[in-house]
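Here's a quick briefing to read alongside the model. Have the sequence and the 3D view open as you go.

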Amino acid sequence: MSEPERSVLIEIHQAVSALLENGTELAIDVSTMPLGAAEVARLEEALGHGEVEATIDAGGKSRVRETGISGVWIVEHYGEGGTVLAKTIEICETPSVIRAHREDIEAGRDELGRRLLDSIH
């Protein structure tokens, strides 16, 4: 394992501790770090694979993958042609890209209300 890889894993370990202690979330933008593809692949291998994976199609395609370390997620945002625009390792309970926003929840509630009214008439 290279020193940059080890440094990122140490940062992740510290971030998981902070998440547990006080709820602090962290996103590490690995796409802007001086890491080669092989180093990023070894980081992902060290973190392992979890049980959850989601693809989001909203304002571009994104993919969220849980790692084998609970609370550690890999989030990738794609551009045209499937090129990775950004890759982050997020330390959080749930990555923000898959959380429902309050405005969307309100719009969903209103839409469900309309559907209920329509079913009555």
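Helices (H or I, at least four residues) and strands (E, at least two) are DSSP runs, numbered from the N terminus, and two strands pair if DSSP finds at least two bridges between them. With that in hand, arginine 63 has glutamate 76 in strand 4 as its bridge partner.

This is a predicted model, so local features need pLDDT of at least 70, side-chain atom pairs count only at pLDDT 80 or more, and totals for chains, interfaces and linings use all residues. Residues are numbered from 1 along each chain as its sequence is written, and side-chain values use heavy atoms, with hydrogens and water left out.

**The sheet and its helices**
- Five strands make an open, antiparallel sheet in the order 1-5-4-3-2.
- Strand 1 (26-29) and strand 2 (53-57) sit at the edges, each pairing on one side only.
- Strand 3 (residues 61-66) and strand 4 (residues 72-78) pair over five bridges, in the antiparallel sense.
- Helix 1 (residues 3-22) packs on the sheet and touches strand 1, strand 4 and strand 5 (84-91); contact here means heavy atoms within 4.5 Å.

**Salt bridges**
- The whole structure has 12 salt bridges, each one a side-chain nitrogen of Lys or Arg within 4 Å of a carboxyl oxygen of Asp or Glu.
- Arginine 42 pairs with glutamate 5, with the closest N and O atoms 2.9 Å apart.
- Glutamate 5 is buried at 2% relative accessible area, while arginine 42 is partly exposed at 39% (buried means under 20%, exposed over 50%, partly exposed in between, with a 1.4 Å probe and protein chains only).
- Lysine 87 and glutamate 76 also meet in a salt bridge (3.1 Å, N to O).
- Lysine 87 is in strand 5 and glutamate 76 in strand 4, so the pair ties together parts 11 residues apart in sequence.
- Both ends are buried: lysine 87 at 14% and glutamate 76 at 5%.

**Glutamate 90**
- Glutamate 90, in strand 5, is buried but has no salt bridge.
- Its nearest side chain of opposite charge is arginine 99, 6.6 Å away (Lys and Arg count as positive, Asp and Glu as negative; His and the chain ends are not counted).
- Arginine 99 does form a salt bridge with glutamate 25, with the closest N and O atoms 2.9 Å apart.

Note on methods: Axes are lines fitted to C-alpha atoms, for helices over the stretch in contact, and angles run from 0 to 180 degrees between N-to-C directions.
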